[in-house]
Structure formats: structure tokens, C-alpha cells
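Here is a friendly briefing to read alongside the coordinates. Have your viewer ready, and we will go topic by topic.

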Amino acid sequence: MSSLSTSAGRAHGVPSPWRMRLGYFGVSGWIGLAIVAFWALAAVFGPTLLSRTGAAGGGAVFAPISAAHWLGTDYLGRDMLARVIEGARYTVGVAFLATLLASGTGTLLALLAAASGRWIDATLSRGLDTLTAIPSKMFALLIVAGFGSSVPMLVAAAAVIYVPGAYRIARSLAVNVNALDYVTVARTRGESTGYVMLREILPNIAGPMLADLGLRFVYVVLLLASLSFLGLGVQPPEADWGSLVRENILALSEGGASVIAPSLAIASLTIAVNLVIDNLPGRGARERGAR
Amino acid sequence: MNALVLKLLAQRIALALLSVLAVSVIVFAITAVLPGDAAQEQLGQDATPEALAALRTQMGLDVPAPQRYLHWLGAMLRGDLGTSSTTQLPVAELIGSRLPNSLLLAAVTALFSVPIALTLGVASAVWRGSWFDRAASTSAVAVVSVPEFLVATLAVLVFAVQLRWLPALSYVSDIESLGQLLRAFAMPVLTLCCVIVAQMMRMSRAAVIDQLEAPYVEMVRLKGASPLRIVLAHALPNAVGPIANAVALSLSYLLGGVIIVETIFNYPGIAKLMVDGVSQRDMPLVQACAMLFCAGYLILVTTADIFGIVANPRLRHR
């Protein structure tokens, strides 16, 4: 990836590959990045900051937006802003963990499939294809029915559901890299399969896979929020943004902010990630890889 | 139709049947084998070994898992879906009473969304790069990247709360006139349509653009054909396969969307039944609903593949 863009940069007389990369990054990309960073910070530091200002209930139920409660109050009179920021920990944290697991496992299996023999490749590909025959939400419902919905189980469920997608993309990228001359040279040199996987192929598919990680993160956020919305995800008293929409759904008939705020939080996160991905370099290569 | 096409079709259908079989293994493993001993769970920690053994025999848990699976699969193929563990009613009866509602919802949604999506998709492909295309594509991306329940809550907020045109909840049982039917269906169909139209529009736009960028279209343009003729007489006939593929694939998103929509609008359909089954851990009900959904999904995906094969002229005239 890096060697490719460097040589392209030299050929067109562009001074630095970094400048060229940042040149791609438009205004919308920066806006997306800022929103993602904001929610990441909220997930990490939000709860500790809020405990001092007091997020306990006791106020008016479903109060409208005011100076004291920037986003109104929820069905127990708790401050909605505090609830949304606490929810960030679950929505962003759980989804991020699950996405890392799914993409990591998918990429590793794909490297294994590409670098080792035909049998392993065929077995892995057919096996993971079978998992895609179950629609993602249905799969999630099944896992919750079987194993309940503790947070570790939700992470595992989302990871299992999105491994096949990550695998498919990583494999199509890895197979292309595997056919290149320098990989053949490495093999002739007598390098092990592990070396070829991690040192020769992985660095060259890492860029597109990071972009895919972002896209998969969006899917996982949507899936987990939907599960929580159905009451089958994160369980009370903990709440992610999906459960916040669920528990405040009664405010809908009054047009309350308490049901709109968590919905908009989800939308802002997923759209922001999409904006960032759209502005990453190498989009064309990724789309070719996805086919 | 020639031998090659028939062979490809047979392969697709065989693959779909195999997938259903594999799905049934996964469904059975997740719901009945991996979670552990259902008898133990029912009796609790301090049950006597004798009581446990008796319940296991009664539930058929004393036979090995593969045998139980075959028994379950055989019963399901014979149409015996078991008895719901919460209501004690036959699962087939429960599903039978809800399935028509869901199918009706899906049919009405398809009826509205397919023409709208195709018109939007073809129009934005023809005028690609224009303000119309940019507006349509941006809103499609926005709809696709937010959860279905957000679309549903916004629809309730606008049409039921602010404008007071429609009821927020739908109850299919008390419908007497066509007007009531339309009002009850309006919100769920509207929400599902938003999601499906966005998906289908994006895919059909890509399919038509693929054709419009082909060399033969340039040839037609050089020949002096009008833009309307280029699209209707030259590009569209070749895009029929990919578009039919896109329609079938988009309709398979219905299966996911319907889970959320039936729950939020309290619509008495099969997805609501399954969600209730999951929260009450009613395994026979969950298993039957899951198999039904997966079969429906595979039928749609296979149909998409079949359209792709049949509409490919290179395969047809070989």
C-alpha cells in the first residue's frame, strides 16, 4: 500500500505521499473524524466527568430541553445528556470490541486461506459462506435466545455474525497479493507460511481492511442498537443508545427530546464513520476488492 | 434456455437446499445443544438427580445430540413444528395465524417500493452527477446508515404526532373498511418502504450506470439516438438482469426490517411472534420462526441469482 502510493507520488512529481493522502481528505472527512473522536472521548471519559455533576433522577419526567437539562429528562426524570454519554460507553465500546474481533478473526482466517493450501481455503470459504445464509438480525436473535444477552455474549454474537463478511473481503485482497512476485520470491527464499501471511501479505492488505473495519463498525452499531431497541440487547440498569430509545419511546407522543436524542446520537456516529471512510484514500482498490 | 443455463440453475437450487440444511444444523445447535442442559435450567440448581433424569427422559434429552437433531428435522419436514413452551399451543397454529399478516405487509411494501425505487434509480443513473442524483444518493446513504427504528420513530413523530394524519399503532384485528386498512398499514409500510427504496435505488442506479458506461452505449450516442431512446431501448434491456437481482436482494432486507417494524408498531406478524419467543426463551417457537425466515431469505437470494443467470445473454445464446 505505502510503497504503491509513494511510487505513484514520485511519478506525478508530488513531493510527499503524506501530503497527497491528506489532500484527499475533504472537509466532510474532517467533520466525520471530529464526531467520531467526540463519541470516543465521551465513551472513555464521559462517565467520570459526569459523576460530579450528578446524573441522578428526581426531576420532572420527560421534561423538555432547558438550561438545566440540555437534552431534557427521561422517563425517570434523569438528565438525558448524562444518559446519552453513559450510553456511549456501551454503544461505542461494545461495537468497537466486536468489530475488532470480527475483522481480526476474518483477516487472520483469510491470510491463512490465501497463504496455505487449497483444502484449507475451500473448507474455510464454504464454512463461512454457510453462516451468511442466516440474515444478521435473525442470527442475533437466535444467539440471544440460546445464550441470553450479557455484554460478553453480545460482543461474541456480533463478532461471529460479521466474521464471514470481513473474511470474504480480506480473502479476495489477500489472494491478489499472494499472486505477486515478491510473495513468490519470499516462498522460494524458504520463508514459513506464518512469515508470508504476516510480513508479506498483511501489510499490503491492512489499508483496505482498516476501511472495511469502519464499515463493519457501522453494521455492528446498527445491529446492537436494534437488539437493544427490541429489549434483547444491553439490559437495564445499563443502557446503550438503542435501549435509551426503547425506554423513552412513550415520549414520542409528546414529541420529547429524550427519544430523539439517542436516535440522533446513533445516526451521527454511523454517518460520521461513513464520511471518514468515503474520504480515505484507496477507495477504488477497496471496491474492486469487494467484488 | 439451453443445457448450460439449466445446469447452472440446478446448481443454484441444489446449493440453496444444502444451505437450508446447514442453517437447520446451526439453528438446532444454537438453540438446543450449545446452551447446555435444558432440564437442569428448568429445575434449578438443587434438583435431585432422579428428578433431573426423569425430566431429561421426558424432554428427550437422554439421546445424543445428532439423533435429537434428526428427530427434530424429521418432525419439521412432516410439518410438526412442536408445541410452544409458554402458550402450550401448537407452533404451527401460532405461525399460521400470524403469517398472512406478515405476508400482506411484505406484499404491500413491495407493491409500493419497487416502482418508486426503480424510477428513482434509473432517473439518477441517467442524470448522474446532477443535483437530483446527488440529493437522491445522499438521502439513500443517510437512510441506509441509520437504524430502522430511527426511521420509524421519525415517521411516527411527523405523521402521527405533528400532523395527526395516521395512528401511531396498528391493530389489524379491528379493520372493517378499506380506509381503516390503509390507515393501519400506512406507518409500517412507510417505514419499510424508506429502507427498501434506499437499498434498491442504490443497486439499480449502479446497474444502469454500468450499462450506460459500456462502449455500445457510446456507439448509440454517436449514432445520434435521443437520450430517452438510449436508456429505454438500449441500456434498460441489458440492465434487466442486474435490476431484477437488485430487487430480489433488496426485498431480502425486508426480513431484517420487518423485525423492527412489527415490534415498534405492535403489528401482529410473524417477526413480533419471534421477538416475543426470544424474550420468553420459547425454543420451539424460535426454531420454527428462524427456519421460516432463513428459508424465505434463501428463496429471495436464490431468486436473485437465478435472475442474474437467466438474464445474461452470453449464457442464453451459447
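Leaving aside its neighbours within four places in sequence, which residues is V221(A) in contact with? They are T91(A), A95(A), I266(A), L269(A) and T270(A), where contact means C-beta atoms, placed from the backbone, within 7 Å. This is a predicted model, in which local features need pLDDT of at least 70 and side-chain atom pairs count only at pLDDT 80 or more, while totals for chains, interfaces and linings use all residues. Residues are numbered from 1 along each chain as its sequence is written, and chains are lettered from A and ligands numbered from 1 in the order in which they are written.

**The core**
- V221(A) is among the residues with the most contacts inside the largest nonpolar core, which has 162 residues.
- Helix α9 (residues 193-229) of chain A gives this core its largest share, 19 residues.
- Such a core joins buried Ala, Val, Leu, Ile, Met, Phe, Trp, Tyr and Cys residues through C-beta atoms within 7 Å, buried meaning 20 or more other C-beta atoms within 10 Å of the residue's own.

**Where the chains meet**
- In chain B, 40 residues are in contact with 33 residues of chain A.
- On that side of chain B, α7(B) provides the largest share, 8 residues.

- Just after α10(B), N266(B) has a positive phi of about 55°.

Key. Helix = DSSP H or I, 4+ residues; strand = E, 2+ residues; numbered from the N terminus. Buried ≥ 20, exposed ≤ 12 C-beta atoms within 10 Å, placed from the backbone. Contact = placed C-beta atoms within 7 Å.
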